[in-house]
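Dear colleague,

Please find the structure below, handed over for your work.

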Amino acid sequence: MTQHFDIVVVGGGPAGMAAAACAAEYGKPVVIVDDNLTLGGQIWRGKDIPAAARKWQARLDSVSAHVTRIHGARVFSQPVPGVLRAEQNGRYLDIAYRKLILATGARERFLPFPGWTLPNVVGAGGLQALVKSGLSVKGKHVVVAGSGPLLLAVAAYLQTHGAKVLAICEQAQFSRLLKFVHSIVTDSGKLRQALTYKMQTMSVPFYAGCYPVSAGGGKKFESVTLRQGKRAWTIACDYLACGFHLVPNTELAEFFGCRISNGKVAVDKWQQTSILDVYCAGEPTGIGGAELALVEGQIAGYAAAGQQDKAHSFFEERARRRKFAQLLEETFALDPALAQLPQDETLVCRCEDVPYSVLKHEPSWRAAKLHTRCGMGPCQGRICGTATEFIFGWTAGQVRPPIFPTPLSSLGAKPELIELQETR
Amino acid sequence: MPERIALTINGRQWETSEGTTIAAAIMNTEAACRTSVTGEERGPLCGMGICFECRAIVNGVPHQRTCQMLCQDGMDVTTQ
């Protein structure tokens, strides 16, 4: 059965919620297709969500007559133009659209270093997500490392949930962080947030220009060795929460042929991509946080609904918030020394267990895939592709369906013949 | 008080609170989720359904991404 909608929003985080709510306010039949179990994306997860999240939930609820929600579904292909195919509980759904809004968010960047595959070496946002979904860290000792404003937020969150955070290690140099703080002084919201997290983690040593060089342990993680300048030292702990800032999820946009520039989905002033009627909002267009995602979502939603005047009224705010995105990019740019962390035996591709020693001789991502199976496992290069891009400077090739692993029976099936109806 | 849920993980009975994902429940038992192609034990990495490290057998179905599935009463989970 093919379901028909005027506007299909892929992703139910802040950008997707805002886009759907705005488009639906003008009576357009909208659907949100989200791979999570509830709306809110990765940032508004669980019970302790901010006021902005509740506001947008209420706004979506107020137009619920026009908004269909499909949860736990992942878009993996386009069987014919204008129809998305998503997998849900082992079955597939076909969803026809007139306009498409991609709000696929971001993921953490993971970088390989010796021991990074040990259980309990987790992403920084990853550990927070797991605690939000029931993992107990009470009394556990944690080192938070990597890069980005998320580190402080995660450390503060873990402390309030009973963990003892032993160290926070930010790979960016102190001078960059100072400039960052100086620049957000004029943004009272951001400054308040940063200060709150800093106050909550006052007792935790914070190291700038510092990163993990190895994780140790037998079958399970036991300790992390950190480096700051010439100094290296080892801390025994239960978890290493380590993520190197965020990377845009651009796979779906790439699959549709949207132009990607500098790792981000390129959009025009209406948030429309290089493909007509395909819009993109939020982190895929550049990592800028929930506030920018909401603004872009509103612009995309109104523009897709034909309300250009409404969309236009958010341009100024978007320009302001994009400056913050630019600042994030500059502040948390990766230290090239991090590319030297993997040793010969360090696995780079975690799905196919491909070590660095094998990959270092390959000339390209494509050659590595063909010769070593790197990136050919179920994550389809989402983890190792991002890592090898940084380590070797490889760029991933063409994105092909299925974008996510899916049962073979869902792949070849023809969508039923459809006739697009005029719903305006 | 949230509702308690009883499930089996690697043959043992465990109780967890409602809203807990299977990945979190497995970690709470201190088990790894899966064994890699070269025999390494692995646990969740991303917590958001991207890395596929949290795969386990749920009610007999292998390769389930447990970080995106909630524990349900009577569920049978085996690490793989």
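A nonpolar core is a set of buried Ala, Val, Leu, Ile, Met, Phe, Trp, Tyr and Cys residues joined through C-beta atoms within 7 Å. A residue is buried if 20 or more other C-beta atoms lie within 10 Å of its own, exposed if 12 or fewer, and partly exposed in between, with C-beta atoms placed from the backbone. This is a predicted model, in which local features need pLDDT of at least 70 and side-chain atom pairs count only at pLDDT 80 or more, while totals for chains, interfaces and linings use all residues. Residues are numbered from 1 along each chain as its sequence is written, and chains are lettered from A and ligands numbered from 1 in the order in which they are written.

The largest nonpolar core has 87 residues, of which A:V142, A:V144, A:V154, A:A155, A:L240 and A:A241 touch the most other members. Helix α4 (residues 150–160) of chain A gives the most to this core, nine residues; helices (H or I, at least four residues) and strands (E, at least two) are DSSP runs numbered from the N terminus. Domain 2 (110–244) and domain 3 (342–392) of chain A each supply at least three residues to this core. Another core, of 62 residues, lies apart from it and includes A:V9, A:I43, A:L292 and A:A303.

Chain A also has a domain 1 (2–107 + 247–328); the bounds come from an automatic or database domain assignment. The centres of domain 2 and domain 3 of chain A, taken over C-alpha atoms, are 25 Å apart. Six residues of domain 2 of chain A are in contact with nine of domain 3 of chain A, contact being C-beta atoms, placed from the backbone, within 7 Å.

Between the chains, 30 residues of chain A are in contact with 30 residues of chain B. On the chain A side, β7 (106–108) and α3 (124–132) are the elements that give two or more residues, and α3(A) has the largest share, with five.

Finally, β12-β13-β14 of chain A form, in that order, an open antiparallel sheet of three strands; strands pair if DSSP finds at least two bridges between them. β12 (210–217) and β14 (231–236) of chain A are at the edges with a single partner strand each, so one side of each has no neighbour in the sheet. Seven bridges join β12(A) to β13 (residues 221–228) of chain A, and A:A215 stands opposite A:V224 in β13(A).

Yours sincerely

How values were computed: Two residues are in contact if their C-beta atoms, placed from the backbone, lie within 7 Å.
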